[in-house]
Amino acid sequence: MQHDTFIGQVQDRAKLPSRGAAEAVTRATLETLGERIPEQLADHVAAQLPREIGEHLRRTEVFSGAGSGERFDLKEFLDRVGARGGLDEPQAVYSSRVVMEVLREATQGGQMDKVRDALPERLRELLDSGSTGEMHTT
């Protein structure tokens, strides 16, 4: 998937007013995901994305092979996305769901299944929920 297509899909599905807003929520979500999953996995996912988008996953990695894989829960994930993107909690929830949905569509070879397996159950809900339906964060 090309960069413009990825960002366009995020903008359209999240009903964002601009490409800049779509870029911001994509960056916020992927940087936070990059902190949560192991470094090697982040590299594999990033390699399947347009360079500019994949770099968001790599930006927060701990280099030297130790990996990031920081442990935090759904609330902390959403707090970080919100802080990075200037979003309130409902916006952070929905935007993250959209980015994860487009990320799944942009990757292949079961990479997102591996991402899912690397996350605790509550964070898996964020990945699985997609842009339609509801997700409860309490």
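1. Asp117 is exposed, because its relative accessible area is 54%; exposed denotes over 50%, buried under 20%, and partly exposed the range in between, computed with a 1.4 Å probe on protein chains only. Asp117 is found in helix H7.

2. The model is a predicted one, in which local features need pLDDT of at least 70 and side-chain atom pairs count only at pLDDT 80 or more, while totals for chains, interfaces and linings use all residues. Residues are numbered from 1 along each chain as its sequence is written, and side-chain values use heavy atoms, with hydrogens and water left out.

3. The protein chain contains eight helices and zero strands, and its pattern along the sequence reads α-α-α-α-α-α-α-α. Helices (H or I, at least four residues) and strands (E, at least two) are DSSP runs, numbered from the N terminus. Of the 138 residues in the protein chain, 49% are buried. Among contacts with a separation of 6 or more, 69% join residues 24 or more positions apart; a contact requires heavy atoms within 4.5 Å.

4. Helix H6 covers residues 89-106, and its 18 residues should span 26 Å at 1.5 Å a residue; the end C-alpha atoms are 25 Å apart, which agrees. The expected span is 1.5 Å times one less than the number of residues. At the N-terminal end, Asp88 caps H6 through a side-chain oxygen that lies 2.9 Å from the backbone nitrogen of Gln91. A polar contact is a pair of N or O atoms within 3.5 Å; within protein, one must be able to donate a hydrogen and the other to accept it, and residues adjacent in sequence count only if both atoms are side-chain atoms.

5. The buried residues of H6 include Ala92, Val93, Arg97, Glu101 and Ala106. Their cover includes helices H1 (3-14), H2 (19-36), H3 (39-47), H5 (74-85), H7 (111-117) and H8 (121-129).

6. The axes of H2 and H5 come within 8 Å and cross at roughly 140 degrees. That angle makes H2 oblique to H5. Axes are lines fitted to C-alpha atoms, for helices over the stretch in contact, and angles run from 0 to 180 degrees between N-to-C directions. Angles under 35 degrees count as roughly parallel, over 145 as roughly antiparallel, 65 to 115 as roughly perpendicular and the rest as oblique. In this pair, Arg27, Ala28, Thr29, Glu31, Thr32, Leu33 and Glu35 of H2 meet Phe77, Arg80, Val81, Arg84 and Gly85 of H5.

7. Thr32 lies in helix H2 and counts as buried because its relative accessibility is 0%. Leaving aside residues up to four places away in sequence, Thr32 touches Phe72, Phe77, Arg80, Val81 and Arg84.

8. H3 packs with helix H4 (residues 51-58) at an angle of about 170 degrees, their axes being 8 Å apart. The two helices are therefore roughly antiparallel. Ala42, Asp43, Val45, Ala46 and Ala47 of H3 make the contact with Gly54, Leu57 and Arg58 of H4.

9. In H8, the buried residues are Leu123, Leu126, Leu127 and Ser129. These residues pack against H2, H5, H6 and H7. Gly130 follows H8 and has a positive phi, near 65 degrees.
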